[in-house]
Structure formats: structure tokens, C-alpha cells
Amino acid sequence: MQKIVPNIWCDGNAEEVAAFYASVLPNTTGRVQARYPSDGLPEFQQEMAGKPLTVEVLIGDYQVVLINAGPEFPPNPSISLMLSFDPAQDPDAVVVLDRVWAGLSDGGEVLMELGEYPFSPRYGWVRDRYGVGWQVFESPDGSPPRPFVMPLLLFGGAAQNQAGPAIALYTWLFDDAEVGVRVDYESAEGPVSAGSVRYADFTLSGEWLAAMDSALPHDFSFTCGVSLQVNCADQAEIDRYWESLSAVPEAEQCGWCADRFGVSWQVVPADLESAMVTPEAYTAMMGMKKIVIADFPD
């Protein structure tokens, strides 16, 4: 099971979003993962009764979860999904990259034009029509192999210049963690200070993520719009991650928390989907801050 799963907040249209990704991304499927209970919902959720609660998108074997909710947390580019196209592995990689770029940019907003950059012969950054950030790039010759999908955390705004401390915390907390490539800024550049992270990638529980400090000023930072779900084996594991990640008491709700950099996490049992089969279980979870497995009804 994937240990860390990106979750994307959707405004009641998660099935539509999943269908869009299945049409644009290679080897991608979507399915309804869980539904809201048909009754017993709090008043603010009653219009969602029986509708999809979460929709799973599989990009190859990489899982992304779409949360079907309301307009409260639109995604922003602080966490994007980076797609690596490697001609050494697939001779049609650049053709596929261009096709994916065309699909993701249709109705979206281009943040960095698709083209040649010092770090990649073909790269572009776009927010799709649903506000989700994607970075597509052609892997340069001789670059270390990386998975097709990697979440990338952009530290700007309130989290400016915090990529290094965040990587240190995350690689200390998670097992099977190490830093791969890291390139720092040699001198100050815009809001970036010397020694901040230009780009770094790292593994947490054997899964690749990336991070960078923004060289441009931004008025956005991390929100619940894109969160990172941590699938835990038992209560002891939930307690351990929660103790180190939760730093904003007012953000604690239903297993959600925010760390000291503002990154939103969901610390949940790995079998949460099967635990949420009854209205009573859903009601119990809604009353929790940290998830307590023993407090779910039998």
C-alpha cells in the first residue's frame, strides 16, 4: 500500500475531475472509493448524502485521492504533481509529454511555458482547469531514475525559505527516508536567501517527493486544497506521526492536521475506507481530532 497519498480537494465534482485525468494522463483510471452516508450527516453536508466522498485516481500504480466536498479549499500551486518523461525508458516519451501538456493546459493557466530550460530539455508548469498544479519534464540524459509521479512542495509566502527545515523534519520522522538530489541557492535571489533549496528530492517510506523554495514572491502557501495522507498500520503509528506533524491546534479535525510549515496532512488508519461503511462510523470520525481507532463503533 502506498504510504503517502496526495489528496486533492474538489468542489463537488470529483468524478468529473477523475474522468478528466483518465482522459489526459497515460495509463490512468478513476473509481469511487467511498460514499457519504445516506443519512445522519451534519446539516452542512446533508446535500452530499449518498454522493461520492472520495474518488481514487490511479496513474499507473500511483494513487491520488480526490475529496468530494465544497468550495472551501481550492487547490493552489504550493503542492503540484510532477510528471517525469524519460526517453531512456520510453522512445515516445516526448510525444506523450506534449500530449499530456496539451490536455492539462486546455482551459488551465500556464505558469511556466513548455520549452527548454537549463535543468530539462523540455519542461512546463501548468494549473489545470480545476486549479491543480502539474509540472511535466523530460528527464535529462544521465539523470538518476525517478518515478513517473512525484508530489512537489513549493515553499513560498508564509513558508518562504523553509524547504530545508521541512525536508530535515520529514526525513527524520519517516522510515526508509533519504535525500537524493539537492541543489541550493548560492546567493540571495528575490525572496530566497542564500543556502535555501533551489530543488531537492527525497524519499519518505521509500516514496519520492520533491521540494523547493520559491524565487518569486507569492501570496499563497499550503492549504487543505492539496494534502498528504499518511496511511498508518496501527494506533501507535498514528500517535507517532500526529505528535510530530500536528502544530496548529485549530487545524486538527477528523485526522487532519497542519505542520509548522503549514503543510496539511491526514494521519489515518490504512483501512479507513473499510472502517467508514456505516453512518455511525462516519459520525464518530467527524467528532475526532486525532483518529482514535478504538473509538470507532464495532
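Predicted model: local features only at pLDDT ≥ 70, side-chain atom pairs only at ≥ 80, totals over all residues.
Which residues form one aromatic cluster? Phe155, Tyr170, Phe174, Phe222, Tyr241, Phe261 and Trp265 do.

I will start with the aromatic rings. The count of aromatic pairs comes to 16. I will go through two of them. A pair of aromatic rings is described by the distance of the centres and the angle of the planes.

One of the pairs is Trp9 with Trp256, with 5.8 Å centre to centre and 70° between the planes, an edge-to-face arrangement. Trp9 belongs to strand β1, residues 4–10, and Trp256 to strand β14, residues 256–258, so this pair ties together parts that are 247 residues apart in sequence. Are these two tryptophans buried or exposed? Trp9 has a relative accessible area of 15%, so Trp9 is buried, because the cut-off for buried is under 20%. Trp256 is buried too, at 13% relative accessibility.

The second pair is Phe155 with Phe222. The ring centres are 5.0 Å apart and the planes are at 70°, so this pair is edge-to-face. Phe155 is in strand β9, residues 149–155, while Phe222 is in the loop between β12 (207–213) and β13 (226–232), so the pair ties together parts that are 67 residues apart in sequence. Phe155 is buried, with a relative accessible area of 1%. Phe222 is buried as well, at 10%. Both phenylalanines are members of the cluster I opened with.

Next, charges over rings. The charged end of Arg240 sits over the ring of Tyr241, 4.6 Å from the ring centre, and Tyr241 is another cluster member. Elsewhere, Arg146 has its charged end over the ring of Trp208, 3.7 Å from the centre of that ring.

Arg240 and Tyr241 bring us to α4, where they take part in the contact with α3. What is the angle between α3 and α4? Their axes cross at roughly 165° and come within 11 Å. The two helices are therefore roughly antiparallel to each other, because an angle over 145 degrees counts as such. The crossing of α3 past α4 is right-handed. From α3, the contact uses Leu169, Tyr170, Trp172 and Leu173; from α4, it uses Arg240, Tyr241, Ser244 and Leu245.

Helix α3 runs over residues 163–173, and its buried residues are Ala163, Gly164, Ala166, Ile167, Leu169, Tyr170 and Leu173. What covers them? The cover includes the strands β9, β10 (178–184), β11 (197–204), β12 and β15 (264–269), along with helix α4 (235–245).

The other helix pair is α1, residues 14–24, with α2, residues 93–105. These two pack at an angle of about 155°, with their axes 9 Å apart. They are therefore roughly antiparallel to each other. Here too the crossing is right-handed, with α1 passing α2. Phe20, Tyr21 and Val24 of α1 meet Val100, Gly103 and Leu104 of α2.

Pro121 is in strand β7, residues 120–127. Its relative accessible area is 35%, so Pro121 is partly exposed. Which residues does Pro121 touch, leaving aside those up to four places away in sequence? They are Gly115, Glu116, Glu138 and Pro140. For Pro121 and Pro140, 19 residues apart along the chain, the C-alpha atoms are separated by 6.6 Å.

Technical notes:
Residues numbered from 1 in each chain as written. Heavy atoms only, no water. Helix = DSSP H or I, 4+ residues; strand = E, 2+ residues; numbered from the N terminus. Buried < 20%, exposed > 50% of the residue type's maximum accessible area, 1.4 Å probe, protein only. Contact = heavy atoms within 4.5 Å. Phe/Tyr/Trp six-rings, centres within 6.5 Å; stacked < 30°, edge-to-face > 60°. Lys NZ or Arg CZ within 6 Å of the ring centre and 35° of its normal. Axes fitted to C-alpha atoms, helices over the stretch in contact; angles between N-to-C directions. Parallel < 35°, antiparallel > 145°, perpendicular 65-115°, else oblique. Left-handed = near helix turned anticlockwise from the far one by under 90°.
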